[in-house]
Amino acid sequence: MSTSVTVVGGGVIALLTAVECVLDGHKVTVVDQGPIPHSRATSFDQHRILRALHPADPRTTAAALRAHHRWVELEELFLTRFYEQVGSLTVLPPAAATDAAAMLADAGGHARELTAAGLADRYPHLHVGGGLGAVLEDEAGVLLAERVLAACVGWLKWQRGIELIEHRAVTAVDGESGSVRLVDGRVLRSDAVLVAVGPWSRDLLPPSISERLTLYRQSLLYCRVPRQQSQAWAATPAIPALGTAGGAWLIPPVAGTALKLTSATACREVDGITDHATDPYWQRKLEKEFGDILPGFGPAWVTAAKDAYYSSFTETGGPLLVALGGAGFAYAACGGTSFKFAPLIARSLADRLIGRSPSLIGLGALDGPPLDVHAPQLAGL
């Protein structure tokens, strides 16, 4: 029996959930306040890291391995290449690197442990001090995020039972009745509704939920590497952890993209979404931090800077799924890490929308019951 689903959002979670529902034979309407895909979506960017290893967390590591395989399948479905499997490097103290490599192997992944000497020999264009080692994964790399979103939309447009409504802000959602009201007064009615609008969730959800979401702003630098280092950078994996006290990480230049640099030190809590321009203070802060990590690095490398936003569930620091009543759900917060898990999250959300028991994906926020907007413990919040 076919179910009609309305998906609010133009980012990776919304679009991949729409794909999963269509693959199951259901009718889907996708609506967004901007174009689809939305260039202001949290997931809209040149690239994202896809790695399996989450040190000391075997459950999440196993989930990330499953996500890797699903991304490969999606490339085949969409007939588009958007996953550059250049590997992933996690810098850790030697003992932690040994334990992490063993854990990844137990989960079915493939990795090599690098000593401090091996790390310096293999990547002389990186300065990793303190005698740190690393784990180098094979089944990992870089997702070309903008290509992912474009591939989702390109595939959806050719499917039966799909409608894409662009440039229509949503003003109200009623999960009980399955209705979505647009800014022009039009009301979309369906059997199930999903709200997946990232940091804009706070504007659509009731205060009892929005007050429990924290909004973050992250500054990012995009760089052109010197010509004399281009060969070295071409052989550089994604690096989700450089082993610094500030939590620096980078994405190498792949498939014509820029080198992307950022750090946990450039992430801060904010009250609302404003502009995406990077304040000179934060740009200088990142330039100074990476000056100690990348030999020869300086402001001349930087070609662009921008700020991005994401939200997290304040009580856990991670993602949040909310039940809106009836067959209505909101993926209200991504926690900053949802892109790599998006295929698994989308499958779990699609199952809920069509009335099926959700697939267990190894992510606590999706494997347990959603937060109920009508739950008694929310009263007074």
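Biologist: How many aromatic pairs does the structure hold?
Modeller: This is a predicted model, with residues numbered from 1 along each chain as its sequence is written. Local features need pLDDT of at least 70, side-chain atom pairs count only at pLDDT 80 or more, totals for chains, interfaces and linings use all residues, and side-chain values use heavy atoms, without hydrogens and water. Rings of Phe, Tyr and Trp (its six-membered ring) pair if their centres lie within 6.5 Å. The structure holds 7.

Biologist: What kind of pair do the rings of W71 and F82 form?
Modeller: Planes under 30 degrees apart count as stacked, over 60 as edge-to-face, and the rest as tilted. The two centres are 5.9 Å apart. The planes of W71 and F82 stand at 80 degrees, so the pair is edge-to-face.

Biologist: Are W71 and F82 buried or exposed?
Modeller: Buried means under 20% relative accessible area, exposed over 50%, and partly exposed in between (1.4 Å probe, protein chains only). Both W71 and F82 are buried.

Biologist: Which helices hold F78 and W155?
Modeller: Helices are DSSP runs (H or I, at least four residues), as strands are (E, at least two), numbered from the N terminus. F78 and W155 form a tilted aromatic pair, 6.0 Å centre to centre with 55 degrees between the planes. This pair links distant parts of the chain, 77 residues apart. The helices are α2 for F78 and, for W155, α5.

Biologist: Which strands stand at the edges of the open sheet of 3 strands?
Modeller: Two strands pair if DSSP finds at least two bridges between them. The order is β10-β11-β12, with antiparallel pairing. Each edge strand has a single partner, so one side of each is left without a neighbour in the sheet. They are β10 and β12.

Biologist: Which residue in β11 is the bridge partner of A172?
Modeller: β10 and β11 run antiparallel, joined by 4 bridges. In β11, A172 has as its bridge partner R181.

Biologist: Which helix gives the most to the lining of the second largest pocket?
Modeller: On a 1 Å grid over the protein atoms alone, a pocket is an open set of points where a 1.4 Å probe fits, with protein on both sides within 12 Å along at least five of seven lines; lining residues have an atom within 4 Å of a point. This pocket is lined by 17 residues, with T60, P319, T337, F341 and L363 nearest its centre. α2, α10 and α11 each supply at least two lining residues. The top contributor, with 4 residues, is α10.
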